[in-house]
Amino acid sequence: MESNKKYWKGLEELQRTPEFVDKNKNEFAEDLPLEDVLSESGLNTVTPRRDFLKAMGFGLGAVSLAACQTAPVTKSIPYLIKPEEITPGVPNYYVSSYNGQSILVKTREGRPIKIEGNASGLFGNHGTDATAQASVLDLYDVSKLQEPQLNNDKASWSQIDSFVKGELNKVQASGKKIRLVSTTITSPSAKAVIADFIAQYPNTSHIQVDPVSYTAIIRANADSFGKAVLPHYHFERADVIVSFAADFLGTWIAGEEFTKQYVSNRNAESLKKGKMSRHIQFETGMSMTGTNADSRIAVKPSEQGPALIALYNAVTGNSLSGAEALSKNPAAATAIKIAAKELQGARGRALVVAGSNDVSVQTLVNAINSALGSYGSTIDLDNPFYLYAGNDAAFAAFTGEMNRGEVGAVFFMNSNPVYDFYDNKSFTGALAKVGLRVSFADRRDETASLCNVIAPAANYLESWGDENAFEGYYTLVQPTINPVFNTRQAEQSLLLWSDNPQKNYYEYVKAYWEKNILSGGSKTWKELLQTGFVYTGTKAAGSYTFSGNVAGAALTIADQSKSLAKDIEVQLYQSVAIRDGRHANNAFLQELPDPVSKVTWDNYIAIAPKFAEEQGLEEFDLATIQGANGYSITLPVLLQPGQARGTVSIAVGYGRTKAGKAGDGVGQNAYPLAGFVNGTVQFLTSAKLSKAGGKMELAQTQTHHSYEGRDIIRETSFKKYMQDPFSGTGKNETGHKNYDLWPEHKQTGHSWVMAIDLNACTGCGSCVVACNVENNVPVVGKDEVRRRREMHWIRIDRYYTFNEGDKAVTEEREIEHLENLDDVTVVHQPMLCQHCDHAPCETVCPVIATMHSSDGLNYMAYNRCVGTRYCANNCPYKVRRFNWFNYWNDSRFDNYLNNEFTQLMLNPDVTTRSRGVMEKCSMCIQRIQGGRLQAKLEKRPLKDGEIKMACQQACTAGAIIFGDFNDPNSAVRKALANERTYYVLQEINTQPGIGYQTKVRNTTEA
């Protein structure tokens, strides 16, 4: 190849540790338990040959007989009167909304089983993130309350209503305050209900607070432009993007939408036009966004503010003081100069963002963007987001009110501050002074367990409602199933408790829409139920003159920088899967590997390898972090390449104690390590780090499958690509002659293939969860993942790389190729069954359980498989999974499907696999067959794009394309004809059915 880069999955592979070498000497991580089998047969380990053969012969015979047995009989009750809208075996779809994005909910026989993006929505086939895909599991969660609770006892709704209304009247008469505490509410009709409630009880205030706050951006915009809003950013309009710890492809504000915008300037279509945005990322810990950046520079939290001051000075020509701290990081100082030069060259098409919740930092960001002419172009203040309107200062004041005994009643709506507030100890003490404490939580969570009333709210799939994620875009929430338990929407409860004339929330929502949103006549209510959204249009985005106090902001930043640098610096962050902790009891998300570390079922202390060595720490050592407030947690250490030295990163959202069976006791709660500075909760802080003694192995997935150094990733630079579109693919190299051991497969009908663009894939993992839900892939739990037994049919491999042997670092290349583990680049690669035409697995199966179809797919006959695992041994891509247990129906793995409720979400079109059976990606054969049948019924040929894989449909970035290679006009045929296309391990002539497109980075080169 043209590059001297070396790619490696983890430090153990790079360093070839003895443990790694030992584990990968054998294809199978564990030996078969032959001694247990022999002892169960009454044989000793030293056994005569004849007895051994008799025992093994009986064992094989028993397996064969078991495979021939019929499945257990399951009694079913037929419909006496079949509902008109339900045809058994045919799915129904309903539009709804999740986190402000229009979605489609697939139901089978009245059961919601799958979430998809609404292809007819504002963003087209927008895809979904992993949390949306996994959210269907929350509907059937048996950890939820099944009925209301009053003073820790079960109660009827009439008892709850009578008690709450009586207490509210007492509080009103006493003159004490009533407080409704919630996370940000984007629902217009819910806001109207709350306004009606406040009108009935005038001493009520609504306080919004978000566990992960964006208060600083809103306050900074109020100070800078007189608009207290969260701007709508447009990454698709930016030619140069500079981010300071904003994980905008992951968890920052609206990762789904930003991903689609970002990729549109970097995917195959953009590259063909000779256009690619430039992305520079300054951050402490390696984020998903950082892994996708063209240039990534590790900086400490104490250096982020000074770096922004230096950037402001370079862009504007001013000389604010406070950038001196950056002198200790020459790579960052050099990178700032380069970034400033590029930003100035892209004036009007530049964008600077920061993830900090510090008002001073955001004020400086506003000043830089204003100088670059970004407002009205890449930043829109007139069509803002309404997603995060929480006010940290207002919530802190509320805690003071409770402490002083001024609050008589408090209602918690989608809010759990006893868990996620930074000073939860003080909050818990203050809450005890309130007489009426009501929670609308769906379970007895950390806050609800301290309330005397729990009025459990229905799941969003059981509810009516609406959302307004940003200006002009309204989405509808409608129920897809009757409430599974005896729950009631919070809005319905508020209507009843405030004696609202309209007692029915459905009627309330309908009346609100017809009066306020549908009044223009663009749609009727019936049409809305079919389309799911209304877009009233975009206001003209204005350009704004900055009027903030830059000098004051710089002084504050300098003071805080000195404060942070006193001890080891800590960055708290949200993981892509668990987020702020509300999804902690979702087993799909707990077992989704982190995009960077590939850790499941835990949070950890991420630390740079060199800095860990200086601290006397090794990987998986238990270490204690103690914050300035005295709060401490003990977690395992993870050696993380790319982490800034002198810092550690810890994910919030873990350490739940009352989430449910899957989420309780997973990790430690890092929220109390945060601080309250200048009116905002901040996730950048300092702490003391000490070795705690002992080890705890994290359940990582990354190096469970080794390619033994084979050439897997192809990468090039944008400059080289423009000079030679085949750059990086290896197509210009002299090849070797291929020899076929099999006759040619002629596929005269369909030939199903797939194309994956590495330049579009961000590594988010939404496809992994989508595949799990669609194909009934089981969750196995932490211990089984440690044993290398995860069952995911598709995985996202993460590769680190740096240039070997290149020690000449010029100023232009300083931010690109520093040869140490603090400066690495990352490539993400989705890996699934390649459906090879010359599949090595097919020739070694003794019972022909895996075979090739006439349309190019590699089939698995589950009831024929006897579990020899020869196919997994012979697969060079390591994409086959073995069922060591009946994971979906075994009490030892009761964190997912082993109960009567969660089994309701199983896809009836896909067989659940039994113990001893091998499985792998089927290329969603049930979808292919469904599409074929529909076309046959309509007496027409299949249309390109009509059949979509679960992974493809979930991908926000559009990185996956599936279709018929024999259709010359198909999108997949055109994608595979792209100059960047290559096939993994094509030199061994397996003839894969999946082609990859080379990763391109827009790097500066000497």
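User: Do strands β19 and β20 run parallel or antiparallel to each other?
Analyst: This is a predicted model, where local features need pLDDT of at least 70 and side-chain atom pairs count only at pLDDT 80 or more, while totals for chains, interfaces and linings use all residues. Residues are numbered from 1 along each chain as its sequence is written, and side-chain values use heavy atoms, leaving out hydrogens and water. Helices (H or I, at least four residues) and strands (E, at least two) are DSSP runs numbered from the N terminus, and two strands pair if DSSP finds at least two bridges between them. Here 3 bridges join β19 to strand β20 (residues 533-535), and the direction is antiparallel.

User: Which residue of β20 is the bridge partner of T475?
Analyst: Strands of a sheet pair through backbone hydrogen bonds, either parallel or antiparallel. For T475, the bridge partner in β20 is F533.

User: Nice! Which residue takes a positive phi in the hairpin of β18 and β19?
Analyst: Strand β18 (residues 465-470) pairs with β19 in the antiparallel sense over 4 bridges, and G465 stands opposite V477. The hairpin has 2 residues between the strands, and the residue with a positive phi near 90° is G472.

User: How many residues of strand β19 are buried?
Analyst: Buried means under 20% relative accessible area, exposed means over 50%, and partly exposed lies in between (1.4 Å probe, protein chains only). Y473, T475 and V477 point one way from β19, Y474 and L476 point the other way, and all are buried. Strand β19 (residues 473-477) is mostly covered, and its buried count is 5 of 5.

User: Why is strand β14 called largely enclosed by the rest of the structure?
Analyst: Strand β9 (residues 230-233) is joined to β14 by 3 bridges in antiparallel fashion, with L230 opposite F385. Strand β14 (residues 379-385) is largely enclosed because its buried residues number 7 of 7.

User: Which residue in β25 is the bridge partner of I607?
Analyst: A closed barrel of 6 strands with mixed pairing runs β21-β26-β23-β25-β24-β29, and its neighbouring strands are turned by 45° against each other on average, direction ignored. In it, 3 bridges join the parallel strands β23 (residues 605-607) and β25 (residues 632-639). The partner of I607 is L639.

User: What is the angle between helix α12 and β21?
Analyst: Axes are lines fitted to C-alpha atoms, for helices over the stretch in contact, and angles run from 0 to 180 degrees between N-to-C directions. Helix α12 (residues 301-316) lies across β21 (568-574), β26 (647-652) and β29 (684-695), and its angle to β21 is about 85°.

User: How is α8 oriented relative to α14?
Analyst: Two packed helices are described by the angle between their axes and the distance between the axes. Helix α8 (residues 215-225) and helix α14 (residues 359-371) have axes 8 Å apart at an angle of about 50°. Angles under 35 degrees count as roughly parallel, over 145 as roughly antiparallel, 65 to 115 as roughly perpendicular and the rest as oblique. The two helices are therefore oblique.

User: What is the handedness of the crossing of α5 and α25?
Analyst: The axes of helix α5 (residues 130-139) and α25 come within 8 Å and cross at roughly 25°, which makes α5 roughly parallel to α25. A crossing is left-handed if the near helix is turned anticlockwise from the far one by less than a right angle, and right-handed if clockwise. This crossing is left-handed.

User: How many nonpolar residues are in the contact of α5 with α25?
Analyst: Contact means heavy atoms within 4.5 Å, and here A130, Q133, A134 and V136 in α5 meet S766, V769, A770 and V773 in α25. Ala, Val, Leu, Ile, Met, Phe, Trp, Tyr, Cys and Pro count as nonpolar, Asp, Glu, Lys and Arg as charged, and the others, Gly among them, as polar. The contact has 2 polar and no charged residues, and the nonpolar count is 6.

User: How far apart are the C-alpha atoms of A770 and A950?
Analyst: A770 sits in helix α25 (residues 766-774) and is buried, with a relative accessible area of 0%. Not counting residues up to four places away in sequence, A770 touches K114, Q133, A950 and A954. A770 and A950 are 180 residues apart along the chain, yet their C-alpha separation is 5.7 Å.
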